[in-house]
Every structure is written in structure tokens, then in C-alpha cells.
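Subject: Structure handover

Hello,

Here is the structure we talked about handing over. Please open it and read my notes alongside.

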Amino acid sequence: MPASPLLLTLWLLVLAGCFFSLWKGGPPERLGAWVVLANLLLLMLVETFLPVEVQPVSELVIDGLTAVALLGVVLVYGSLWLGGAMLLYAVQFTLHAYYFVTERRSNDRLHAIVNNVDFMGIIICLVIGAAVAWRARLRTSAA
């Protein structure tokens, strides 16, 4: 777990966004939040238990599986916001693939900036989708 106050704040925002999607979102947003939370859990397990040499490949596989899982949710529900999250996970996959193929270490500033901005974009997509679903439910219950 990160010790930097900025990273802790980002983690809290990510968890808050996922829990908001679980609480107020419709079925696609809830599934998307579970996929993102599973991704986070798997990445923490990889970082904790696997050797450093295997971690880049594992991160690549996990991000690819997450993008495919979100693609399945998007195809079933046709959610625009989850489509955005899926495309941002594709960016995440591309970032990890770039660092893997060029054999660069993923602890430089560029990786941190792109990774954090991209992941916050994923959470923003989830929160917007949940807010839209929540508003739509409020409108139908008021009518």
C-alpha cells in the first residue's frame, strides 16, 4: 500500500468511486465496479506475492482480462460510460505493454502520471455512469 499522501488520496477516491457505483449505479455500473475492484485486488496480490521479474507480465494479463471483462459488460448492456472505462483500460494495457516490450522499469515519472491519470479516468467513467443511472431511476420513480 502506498505511503504518499497523494497516492493514499487517489486510492480513497478510487474506492469511493467504486462503492458509489455499487451503491447507486444500475446493473452495468455495478458489474463494472466489481470488475475494477477485482482488478485492484489481483494487482495487489501480484505485487505482494509474485517475484519482481514476473510482475510486468502479470499486470499485462490482468489489465487485458479486465478490458475483456468490461467489453463483455458493454456488449450485454450497451453502457456508454463503461465503454469509456473499457477503452481507458485498453490504454492501461498499452502502457504496460509498452514498458514490457521496451524493457523499461515501470517506476519512472511518465508511467506514474499516465497510469494515475488513466485510472482516475476509469473511475470518473464509473461514477458518471452510476450518477446517470441513479438520475434515470429517480425520474422514472417520480413519473
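The charged end of Lys24 sits over the ring of Trp23, 4.3 Å from the ring centre. Keep in mind that this is a predicted model.

Trp23 counts as exposed, at 58% relative accessibility. Its ring also takes part in aromatic contacts. Across the whole structure, a search finds 5 aromatic pairs. One of them joins Phe20 and Trp23. Their ring centres are 6.5 Å apart. The planes meet at 80°, over the 60 degrees required, so this pair is edge-to-face.

Why are Phe20 and Trp23 about one helical turn apart? Both belong to helix 1 (residues 5-24), and they are 3 residues apart in it. Phe20 has 19% relative accessibility. Buried means under 20%, so Phe20 counts as buried. Trp23, at 58%, counts as exposed.

Ring pairs also bring in Trp134: together, Phe20, Trp23 and Trp134 form a cluster.

Now for another pair, Tyr98 and Tyr99. The ring centres of Tyr98 and Tyr99 are 5.6 Å apart. Their planes are at 85°, so this pair is edge-to-face. Are these two residues buried or exposed? Tyr98 is partly exposed, with a relative accessible area of 42%. Tyr99 is buried, with a relative accessible area of 4%.

Next, the charged contacts. How many salt bridges does the structure hold? The count is 1. Asp108 and Arg104 form a salt bridge. The closest N and O atoms of Asp108 and Arg104 are 2.8 Å apart. That lies within the 4 Å cut-off, so the contact between Asp108 and Arg104 qualifies. Asp108 counts as partly exposed, at 22% relative accessibility. Arg104 also counts as partly exposed, at 34%.

Last, the surface. Which residues make the nonpolar surface patch? They are Leu41, Leu42, Met44, Leu45 and Phe49. The patch covers about 490 Å². Phe49 is found in helix 2, which runs over residues 27-49. Its relative accessible area is 64%. Exposed means over 50%, so Phe49 is exposed.

Then turn to Asp108 and Arg104 for the salt bridge, and to Phe49 for the nonpolar patch.

Best wishes

Key:
Residues numbered from 1 in each chain as written. Predicted model: local features only at pLDDT ≥ 70, side-chain atom pairs only at ≥ 80, totals over all residues. Heavy atoms only, no water. Patch = residues over 30% accessible without salt bridge, like charges linked within 9 Å, V, L, I, M, F, W, Y side chains within 5 Å. Areas by Shrake-Rupley, 256 points an atom, 1.4 Å probe, with all protein chains shown as cover. Salt bridge = Lys/Arg side-chain N within 4 Å of Asp/Glu carboxyl O. Helix = DSSP H or I, 4+ residues; strand = E, 2+ residues; numbered from the N terminus. Buried < 20%, exposed > 50% of the residue type's maximum accessible area, 1.4 Å probe, protein only. Phe/Tyr/Trp six-rings, centres within 6.5 Å; stacked < 30°, edge-to-face > 60°. Lys NZ or Arg CZ within 6 Å of the ring centre and 35° of its normal.
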